[in-house]
Each structure stands twice: as C-alpha cells, then as structure tokens.
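Here are a few friendly notes to read alongside the model. Please keep the 3D view open as you go through the points.

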Amino acid sequence: MPEMKYIGGYPEYMRELIKKVEKTRMKRKDYEPPAMSKKEREDTLKIHPDYAEGGKRKISVGPNKGEIAPNELADLLEAYPIIEENEVDLSRVDYDVDVLIIGGGLAGTSAALWANDQGISSQKILLANKLRHGDANSMMAEGGTQAADRPNDSPLIHYLDALGGGHFTNKPEVLQALAKDAPLIMNWLLEMGAIIDRDENGDFVERSGGGTSINRMHACRDYTGMEELRVMRDKFRNRDFQYLEYYPAVELLTEENGKVSGAVLWNCETGDYKVVRAKATIMATGGFGRLHIRGFPTTNHYGATCDGVILSYRAGAKLRDVDTVQYHPTGAAFPQQIVGLLLTEKLRSMGAQPVNKDGEAFVFPLEPRDVEAAALIKECYINEKGIITPTGMRGVWLDTPLIELKHGEGTIEKNFPGMFRMFNRCELDMRKDPLLVFPSLHYQNGGVETDPKGHTNVEGLFVGGEVSGGVHGKNRLMGNSTLDCMVFGRRSGINAAKYAKKAKKPGKLTLNHMKNYSSTLKKAGIKPERRAPILLPDYRGKAVLARMIDIF
Amino acid sequence: MKEKKSIMDRIAESNRSVTSGIDEKDIKNWVNIYIMGKAYKVPAGVTIMQAMEYSGYRFVRSAGCRAGFCGACATVYRKAGDYKLQSAMACQTRVEDGMFLVQIPFAPAEKASYDIHKEKYDTNVFYKYYPSLAKCVSCNTCTKSCPQDLEVMDYIQAAIRGDFETVAEESFDCIQCGLCAIRCPAEIVQYHVAQLGRRMYGLYGCETPGHLTQRVKEIQEGKFDKDFENILKKNKKELEKMYAEREREKD
C-alpha cells in the first residue's frame with residue numbers, strides 16, 4: 001500500500017476539506033450559532049455516552065447496591081482485593097502518623113500544607129504517591145480556575161452557574177463552599193508566588209468557560225494546573241514532609257468498629273509493602289479516565305484508575321453521581337500519537353469554533369460540556385458530517401485560526417504555548433489550520449460522597465478532589481476541578497488535622513472490611529476473576545502478550 | 001434504539017489502538033528501533049512511549065501524564081550514524097527508524113529549602129541557595145537539551161543578573177524533567193533555580209489585584225452568607241428560573 005502524502009501535517013484529502021473551512025471563516029468570524037434551549041439540550045443529550053443505551057449496570061454489592069454505574073466501574077467495584085489477609089503482617093507498623101494522605105495532586109498537596117498549618121508536624125503527615133509527587137491530572141489542567149472576584153461577579157452567580165451546569169444535582173452545601181472559598185484560594189496561590197495571567201493594569205485576565213455567565217476563569221497561559229501544583233509542591237518540599245513515591249495504596253486499614261486507620265502501601269518496584277497507621281486518612285487519588293469508559297480515549301494521566309473510589313467503597317464509603325462521566329468535547333482526534341489529549345475549552349472561550357466537514361459552524365461553542373460533547377458526536381455519527389481520519393476515527397474541526405483573527409496575530413503562541421508546541425511537534429500549525437477533535441473521557445463527575453468539610457460517612461476517612469462526589473453533581477464546569485482540589489484539599493486537610501488532634505491512638509489494625517467485602521462478593525455469586533484496584537492500565541502490544549512467559 | 005448502541009460500539013472500535021494494546025494486524029508501516037540496546041520492530045507514527053509499550057514494556061517509572069506536562073518520561077536517544085545525544089519526552093515524540101533510546105527515570109538533583117516570605121527580592125537569593133549558578137560557562141548545553149525548547153541558558157543568565165521577570169517569563173513553560181541539570185557541565189540545577197525565581201517574581205514582582213483583596217475581605221466579613229442562606233432554601237423550580245434568567249457577560 002502506498003504511503004499517504006502529507007501536506008503541513010495533514011493528509012492530502014484532509015487538506016482538501018480544510019479549504020471548505022477556510023472559505024467560510026471570515027463569515028463565521030462574527031457569527032456563532034445561538035445557545036440551545038432547554039429542550040434542544042435535552043434532545044442532544046440523548047446521544048451522549050451517559051444517556052445512549054447500554055454501557056451501564058446496577059452495582060450488585062456494597063453501600064450503593066442497586067444504583068447504576070458504568071460497566072467499567074461496576075467491574076472494579078465487583079472485584080476481589082489484590083492482597084490476601086495472610087500476606088500482610090499488621091502488627092509491624094512502618095509509619096505511625098497523624099494524617100495519611102493518599103495521592104499527591106493539587107488536592108493531596110493542598111491537604112498536606114493545610115494540615116501542617118493546623119499544627120500537625122510535617123513529620124506526622126505522610127503523603128503517599130502511586131507515581132511521582134505531582135504526576136496527576138492536576139498537572140495537566142490547561143484552561144483555568146474559576147473564582148468570582150470581580151466587582152460584577154459574586155460567589156452566588158458562580159454557585160448558580162455550577163448548579164445549572166450540574167443539572168441541579170449538586171450537593172448544595174458543598175457547592176456553596178466551593179464558590180465561597182474560591183477567591184480565598186486565589187489569594188493563597190498568589191501568596192505562594194503563583195503567576196496568574198494579568199492584563200497591562202495588573203488585573204487578572206478573566207475569561208468565560210462553558211456554562212459560565214460571568215468571566216471568571218483565571219489561567220496561567222495554558223499551564224494552569226502545572227503552575228498551581230508546582231508552586232505548592234515547592235512549598236511542600238521546603239517543609240520536610242514525609243512522602244513516598246511509587247507507593248500506591250492497595251487497601252485501607254480499619255479497626256474493629258469500622259473506623260479507617262491507615263492503609264497498606266505497596267512498593268511497585270520491589271513488591272514489598274508498608275503498613276501505615278494513621279489517626280486520619282485523606283483520599284485524594286483522582287479519577288478514572290484510564291478505565292476508558294465506553295471505549296473512549298482519555299485526557300487523563302497514566303495513573304487515573306479509580307483506586308481511591310474502590311478502596312473507600314470496600315471500607316463502607318457511600319458514592320454518589322458515579323453514573324455520569326464527563327467527556328471533554330474537544331479531545332485531539334488527529335494525528336494518531338496524540339489521540340484523546342486535551343484541547344482546552346479556553347480555545348473556544350477565545351473564539352475557536354467547532355466546524356463540520358462542509359465548513360459550517362453547527363453548535364454554540366460554549367454549551368456545558370456534556371451538551372457540547374453530545375453535539376459533536378451527533379454531527380459525526382447521525383448527521384454524518386464528520387471528517388474521517390486515516391485510522392478510521394471521526395472528528396470535527398476546531399477552527400483555531402479564528403482566535404488569531406479575533407484577537408490578533410501571536411495570540412495563540414502567547415496563550416497556548418503548550419498546545420502550540422505539541423502540534424508543532426506533529427508538524428501542524430494551529431495558527432493557520434484547524435485541529436481535528438472528538439470527545440475524550442475527561443472527568444469522573446461523582447465519587448465518594450463528601451460533606452463541606454471533606455468528611456465521608458466512614459469515620460477517619462476524608463476526601464478531596466476528583467475522587468469525591470457531590471460538588472459537581474452530574475456534570476462539572478470548566479475551571480471547577482482545580483478549584484475543587486484546592487478548596488476541598490484545604491478543607492479536608494484542616495478537618496483531618498482537627499480530627500487527628502482529638503483522636504485517641506488508633507486501636508488494633510485489621511483488614512476486616514476487606515474480608516467482609518470479599519464474602520459479600522462471594523455470596524452475590526461473583527467469581528474471583530477480577531481484582532482491583534488495577535493501579536495502572538496495560539497498553540502492551542497484543543503480539544508480545546501472546547508470547548509472554550511469567551517466570552519472575 | 002439499536003442504532004444508538006451501535007454508534008457507541010463504532011466509537012469504541014475506532015479508538016481501540018489507544019484504549020488497549022496495539023494489535024499488529026492493524027499496522028501498515030513499521031520502523032526499527034533499539035530500546036536500551038535491543039532491536040525491536042514497532043509501528044511507525046506512534047510515540048516513543050507507545051512504541052516501548054508495543055514492544056512489551058509496562059511502565060512504572062518514566063510515564064506520567066502522557067501529554068507533555070509532567071516531565072516523567074525524559075528520554076535520551078541517538079540516531080543511527082549520528083554522534084549527537086538528543087533528548088525528548090517519550091510521550092510527545094514520534095519514533096524514527098534507527099533510534100537508539102534509553103529513559104531517564106529520575107534526576108537526582110538537589111532542591112534547596114527556603115521560605116520565600118523571608119527572602120529579599122534581589123539576586124543574592126539565587127546565589128544563597130544555588131551557588132553553582134556562578135559556575136555557568138554559557139555553553140548552552142541546557143538550552144539544547146530542553147524538550148520544551150526553552151532558552152534555559154538565557155534565564156540562568158537572567159538569574160545571575162537578578163532579573164526575576166525574565167527568569168519567570170523564559171522558564172514559565174518548564175515541565176521540570178531535569179534534563180538540563182543532568183547535562184550541565186557546571187552542575188547547575190536550572191529547573192530548581194527557575195522555580196525559586198518564578199515564586200519570587202509571583203510574590204514580589206506582581207501586585208495582588210485590588211478587587212481580589214476586596215472580595216476576600218467581603219467573604220471573611222460574611223457579606224454573602226445571607227444570600228446563600230436564601231438560595232439554599234429555594235426549590236428546583238425557582239433555581240431553574242434564576243438560572244435561565246441570569247445575564248451573560250460578553251467576552
């Protein structure tokens with residue numbers, strides 16, 4: 001088969017299709033399709049992977065028995081533990097701490113700093129990471145962080161925007177905390193020396209995001225999460241905390257009365273384990289993108305495998321809103337080596353439009369994410385107006401050159417240096433050519449149910465960030481995830497510290513909850529085929545796996 | 001409803017090569033590479049990281065965000081017939097025929113410990129914590145090794161001059177992979193110097209917007225508490241109405 005001819009990063013036939021986008025561009029500069037009515041939104045959502053038939057089932061065991069979850073999540077909830085009780089000697093405690101934090105993204109790192117500020121010594125706090133400290137979805141957040149700090153804005157409008165975006169399913173008192181704390185978090189970031197985009201007067205540059213009515217998106221170029229996390233990680237490293245890397249939690253530890261009192265960590269390089277006894281445990285493990293729900297590619301980092309939800313659930317924690325999944329409307333669909341990667345919503349905030357193969361703008365660019373994603377799927381698979389890639393994926397154009405038309409030359413390089421760099425590596429110039437996009441699995445909307453203080457229903461167990469459920473309801477808005485991490489990282493850190501100060505020394509450590517859960521699985525007739533947490537996905541080639549011999 | 005189900009299946013099918021391991025029967029073009037000295041035939045057009053996975057490596061180290069932000073997958077390689085050592089991020093770089101590659105899973109560089117609130121905003125802060133800065137011979141090896149194409153040597157020179165703004169500006173897109181420090185003959189830890197410089201600039205070189213200070217004060221004084229009390233009492237219908245009627249600010 002002859003190799004395909006590429007011109008400026010695109011195969012010839014796509015290059016031809018781009019001409020249609022160029023033809024309508026000037027007209028579209030001052031036109032965008034109107035926002036959908038409630039009815040139109042509802043109709044469009046029928047094709048969203050959350051609502052399209054199949055893909056889900058009832059959870060058959062545990063606190064949320066009978067509720068609906070995606071099959072990939074239900075599979076892990078209905079899976080047996082990866083350790084056996086007799087493999088672990090709980091009488092030898094390796095770390096005896098006040099606060100154990102599992103997960104070192106924005107939520108976990110915030111929690112550590114604030115727990116320390118409450119007077120818990122940094123040597124009595126342990127931060128355990130599955131990968132390196134900071135290898136987290138937080139690091140990849142591009143678009144921004146919401147905070148209602150301008151005079152024409154208010155935390156109440158922020159609240160209302162998020163509530164409507166979440167289809168009024170958010171837990172009100174938790175969402176209130178998010179909106180009210182946001183400006184305080186912004187101030188905290190500045191105190192740590194974070195560099196947030198400013199205009200020539202020194203004011204924040206604040207932009208809109210899907211579903212926001214007032215411009216309140218604060219960005220750090222397109223490295224927002226990276227800037228936020230690296231300043232707080234730097235502060236963390238200045239304070240002599242205990243932390244472990246490549247030590248995922250493989251099971252929580254409980255006492256006779258069910259209270260969570262630490263975890264078993266596993267060294268994923270040497271295979272040995274550590275027993276951590278803790279007065280309070282904060283779960284901050286992030287989400288489940290790497291489960292590839294419904295076979296979608298993902299924007300998420302390598303370790304996003306839902307570990308925290310699985311472990312908390314076994315210990316008795318209630319989940320909520322796990323039936324919905326956020327698909328980011330604009331994941332990369334071409335070229336093959338970056339399929340699924342995030343193309344931030346900020347592109348659309350600044351004027352880029354989704355355009356079909358005939359060069360038509362077919363959707364208001366800033367619908368809430370679920371509506372926007374569904375509209376893109378509909379355009380590709382029902383209206384048949386998508387562009388098919390050489391590997392058979394479908395996508396629509398995201399007309400990025402409009403950004404430069406609207407805001408002047410150089411805007412893309414200045415505002416999206418990371419993305420500009422990424423596409424340059426693919427020999428694509430996003431200033432001149434549109435990008436091809438398709439929804440990509442982005443965010444776990446629900447999770448372990450939290451209250452405004454980061455408490456779960458299980459004593460001794462706190463949550464913060466994507467692992468938790470409630471604040472976003474069934475759909476999160478852009479700019480509320482990094483914010484969630486910092487608001488509830490802080491709140492869980494403060495409250496875990498308070499709790500630890502009052503708590504007695506933990507009693508006898510057990511794996512009773514794990515044993516009980518396994519016997520419940522057995523009673524429900526579930527065969528011991530699946531084990532969880534999975535810790536990391538497996539992308540090894542099929543040919544190699546077929547010839548593998550397990551010797552050591 | 002049968003049609004809808006098939007749409008989801010069709011989507012899943014078209015994504016298979018990125019959601020599970022690559023199947024060789026889907027591959028048309030191949031390249032030959034060397035991973036830590038061993039030869040492998042791998043699909044053309046995939047990243048170094050995907051090629052290593054295709055070859056049977058399952059990463060624990062040297063893989064993080066897989067999107068060019070975290071700096072975990074720093075890779076050093078050489079091309080056939082070329083003496084130059086090159087560096088890149090494995091998740092962001094396509095494999096090329098004849099690549100000899102190895103991954104750098106960890107940079108053992110020392111980070112200084114400091115409290116930026118106790119430091120003075122002048123160049124001494126750099127020398128105090130990173131005295132090796134004075135040894136920079138302007139060889140530009142750091143710049144050449146940067147997978148983000150940053151002007152690393154320029155910001156190091158800016159740090160020597162005490163120009164915090166340039167340090168911050170030029171180093172802003174640093175993903176802290178550590179390749180610069182590993183290659184530096186003067187053993188400067190450029191990416192840590194930059195982190196110190198950025199935080200100092202963020203704290204001392206940028207003003208806090210007045211409206212933020214004002215809003216923080218309002219929140220602490222409880223200005224919005226009563227309104228929140230009211231809104232929390234509203235039923236779904238009332239909230240839907242408020243949501244539908246809210247005004248949209250133009251960008």
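1. Is Tyr246(A) buried, exposed or partly exposed? Tyr246(A) has 19 C-beta neighbours inside 10 Å and so counts as partly exposed; buried takes 20 or more other C-beta atoms within 10 Å, exposed takes 12 or fewer, and partly exposed is in between, with C-beta atoms placed from the backbone.

2. A word on the source: this is a predicted model, where local features need pLDDT of at least 70, side-chain atom pairs count only at pLDDT 80 or more, and totals for chains, interfaces and linings use all residues. Residues are numbered from 1 along each chain as its sequence is written, while chains are lettered from A and ligands numbered from 1 in the order in which they are written.

3. Look at the backbone of Tyr246(A): its phi is near 55 degrees, a positive value in a residue other than glycine. Tyr246(A) sits in the loop between strand 10 (242-244) and strand 11 (249-254) of chain A; strands (E, at least two residues) and helices (H or I, at least four) are DSSP runs numbered from the N terminus.

4. His167(A) also has a positive phi, near 55 degrees. Its place is the loop between helix 6 (155-165) and helix 7 (172-191) of chain A, and His167(A) is partly exposed, with 16 other C-beta atoms within 10 Å.

5. Now find two cis peptide bonds. One runs from Phe334(A) to Pro335(A), with omega near -5 degrees, and Pro335(A) lies in the loop between strand 15 and helix 10 of chain A. Another joins Ala532(A) to Pro533(A), with omega near 0 degrees.
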